[in-house]
Structure formats: structure tokens, C-alpha cells
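Hi everyone, thanks for making time for this. I'd like to walk you through one structure and point out a few places to look at.

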Amino acid sequence: MTEEGPPPGEWHDIKSLHFKLFYYKVLPCTKAWSHDWQHCPYTHPNDKARRRSPLHHSYSADMCPAMLQNGTCPKGVNCNLAHNLFEYHLHPDRYKTKMCPAGYAAAAGAAGAAN
Ligand SMILES: [Zn+2]
Ligand SMILES: [Zn+2]
């Protein structure tokens, strides 16, 4: 039996948040035909749009200053800061800390009640 493409699982659903946070622009593209890289959720050999997997590299959601200044970082893949906009914007922490509107309302209500 041969495996074609990614194995089954929840991350296989490229529209899920799970895929977006952990696999978007992380997995190598397996499409052999030419296609629009920008709208493809996978990485491509000559494409700069790629991320280190948050599952295998622990980097924070803060942008690396060396990367911002020089476009390169001496620590490379071992750097513990985000190296590009994909790593920055799609960092799992960013989604965990984002409070939902109901959360804000509850917080505001609690603050009002304390007065
Ligand atoms: Zn692709
Ligand atoms: Zn860095």
C-alpha cells in the first residue's frame, strides 16, 4: 500500500484552525504540477513563505530584531523568536491570548461592577 499525500487526521483539513496554526506553510508541497504558490498552504523549494513548525521548534510570537534589521539571523532555525510574518502572525500563542468579544464584555462588566 502506498501513501498518497498527507496522512489522514484532523490537520488534513486545510481549512481548520489546527492546520493553520501548526501546518500552514510548514509542510512541503506534494503537487507535481505548476500552481499558484501564494494560495497553496504548503511550502515550495524556492518560496520564502514558510514557517518552522511550532510543534518542533519553540519560538515565541515576538519578531526577531536581527531578522527585522538584516533580513537574516545568526541563530538560524534555532532562534527562539519569529523569523517572518508567517511565524509571527500564525503563532499559536497569538490565538490563545486573543480574547473573544464575549470575554471582553465579561471583563468590562466585571470592571463596571467593581466601581
Ligand atoms: Zn503548492
Ligand atoms: Zn532570529
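Of the 115 residues in the protein, 11% are buried.

Before we zoom in, a word on confidence. The mean pLDDT of the protein is 82, and 73% of the residues get to 70 or more. Which element has the lowest mean pLDDT? That's helix α5, residues 101–114, with 58, while α2 has the highest, with 96. Where pLDDT is low, the predicted coordinates should not be read in detail. 

Now, the annotation. The UniProt record, an unreviewed entry, puts a domain called "AtC3H23-like CCCH zinc finger" on residues 18–51.

Next, have a look at K25. You'll find K25 in the loop between α1 (17–22) and α2 (65–70). Is K25 buried or exposed? K25 counts as buried, because it has 22 C-beta neighbours inside 10 Å, and the cut-off for buried is 20 or more. There's something else about K25: its phi is positive, about 55°, even though K25 is not a glycine. Most residues other than glycine have a negative phi.

On to the nonpolar core. Which residues make up the largest one? There are 5 of them: L21, Y23, Y24, V26 and L90. In soluble globular proteins, nonpolar side chains tend to be buried together. If you follow L90, and skip its neighbours within four places in sequence, you'll see contacts with K20, L21, Y24 and R51.

F22 sits in helix α1. F22 is partly exposed, because 18 other C-beta atoms lie within 10 Å, and buried would take 20 or more. F22 and L55 are 33 residues apart along the chain, yet 6.8 Å separates their C-alpha atoms.

Last stop, S60. S60 is in the loop between α1 and α2. With 14 C-beta neighbours inside 10 Å, S60 is partly exposed too. What does S60 touch? Not counting residues up to four places away in sequence, the answer is N80, L81 and A82. And S60 and H91, 31 residues apart in sequence, are 7.7 Å apart in space, C-alpha to C-alpha.

That's my tour, so over to you for questions.

Key. Residues numbered from 1 in each chain as written. Chains lettered and ligands numbered in written order. Predicted model: local features only at pLDDT ≥ 70, side-chain atom pairs only at ≥ 80, totals over all residues. UniProt positions renumbered as here; feature names shortened; annotations may be inferred. Buried ≥ 20, exposed ≤ 12 C-beta atoms within 10 Å, placed from the backbone. Helix = DSSP H or I, 4+ residues; strand = E, 2+ residues; numbered from the N terminus. Core = buried A, V, L, I, M, F, W, Y, C linked by C-beta atoms within 7 Å. Contact = placed C-beta atoms within 7 Å. pLDDT = per-residue confidence, 0-100.
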